[in-house]
Amino acid sequence: MKSFVFEATTRLIFGAGSVRELAPAARELGFRRTLLVSDPGLVESGHVETVSGILAESGVRVHRFHDFGPDPDSRMVERGAKFARPLEIDSLVGLGGGSSMDCAKGINFLLGGGGTIHDYRGYGRARGRMLPMIGIPTTTGTGSEAQSYAIIADARTHVKMACGDPQAAFRIAILDPCLTLSQPADVSSATGFDALSHAVESYCSKRSTALSQSFSREAWWLLERNYERVLRDPTDLEARGAMQLGAFYAGLAIENSSVGAAHACANPLSARYRTPHGVAIGLLLSPVVRWTGTAAESAFGDLLHLSGGNSWKGRDASGSLAGRLDELAALAGLPRELRSEGVLEGDLEILAAEASSHWTVEFNPRLLTSLGAMEIYREAW
């Protein structure tokens, strides 16, 4: 068993109605003037008003920032920092999906050390003291609430940058499944499949450890069976809670093991075609699992065992797992071909070259080259 170091810096508060725990959590961390970072959709849902009210009741002055979109970019983060600087805030709350939480982290980097978000690409580059943050996810996807990284796109190239630091982790994450009931169906489908991909890729990652794999396994166990339940009955609060907890566990696993070729191949699609991340993952995860094949056969077999079936016995585990993922993606109504999303066949070679240079390829069980990426894209096209 290989050596590893594990440190969890985020306290988890989980349960229906747990958003009310924001008040004591904010008092404990000394919140007085807070920047509430949440996307415009959360304003419409009423969640921003709810969270603002809870903070105000605790004597916290709330300043709201909503001027950003899905997959926040460098300009959006810079706008947020410019908005926040004169307010002399002492804390942040990220409310929403991964975009809200990543944007909050990105703003925090700039408030603490200035410059541009490009200066923080990599790990451990925070300058000075970052402000305490609380994360409140309203989707079940990225697991950003469990990680010390912000994923921010370059506004010019749309290429995503990973900016991490121990200080960028949320001090407290509040997972209230009631907040996920307002998700549109397409958001539930895409973010839920993204969480599934995190469980799969983190489990078989070259960087995985005995402890990270325990989180990956638990994440897969919760996500794979409850994804179907949520798709069939979006009001199933128990299944919603299981998905939320599974996404958090998968986020913890990623923090300690990273992801692999599916994310490497998905990111160029988001950069060039603005394909939503969860949709891109839905298109590519099954082809990546098939392509990875025997390099992760044992790991894929473990996940199939957790699914509770033995129908794959005597067949390759990679093909069987890919088949199960195809089944779930189809049930979710996710697109099944790159061409249906406007991807041009003539662009596949460029996409493959970009995918093979992505930072996550080194963690995939089978090394992804441009030729390998081309095989994956061709199968998905």
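In which loop is Ser258 found? I located Ser258 in the loop between H8 and helix H9 (261–273). I note at the outset that the model is predicted.

**Entry 1: Ser258.** I looked up the backbone of Ser258 and found a positive phi of about 70°, although Ser258 is not a glycine. I then checked its accessibility: Ser258 counts as buried because its relative accessibility is 8%, and the cut-off for buried is under 20%.

**Entry 2: His158.** I turned to His158, which also is not a glycine and has a positive phi of about 70°. I placed His158 in the loop that links strand E7 (149–153) with strand E8 (160–164). With a relative accessibility of 24%, His158 counts as partly exposed.

**Entry 3: the sheet.** I traced an open sheet of six strands, paired in parallel, in the order E1-E9-E6-E4-E2-E3. Strand E1 (11–14) and strand E3 (61–65) stand at the edges with a single partner strand each, so one side of each has no neighbour in the sheet.

Entry 4: I examined strand E4 (residues 91–96) and strand E6 (residues 133–137), which run parallel and are joined by five bridges. For Gly94, I found the bridge partner in E6 to be Gly135.

**Entry 5: helices on the sheet.** I noted that helix H4 (residues 74–84) packs on the sheet and touches strand E2 (33–37) and E3. The direction of H4 makes about 150° with that of E3. Helix H8 (residues 237–257) also packs on the sheet, where I found it touching E1, E6 and strand E9 (172–175). The direction of H8 makes about 170° with that of E1.

Definitions and conventions. Residues numbered from 1 in each chain as written. Predicted model: local features only at pLDDT ≥ 70, side-chain atom pairs only at ≥ 80, totals over all residues. Heavy atoms only, no water. Pairing = 2+ DSSP bridges. Helix = DSSP H or I, 4+ residues; strand = E, 2+ residues; numbered from the N terminus. Contact = heavy atoms within 4.5 Å. Axes fitted to C-alpha atoms, helices over the stretch in contact; angles between N-to-C directions. Buried < 20%, exposed > 50% of the residue type's maximum accessible area, 1.4 Å probe, protein only.
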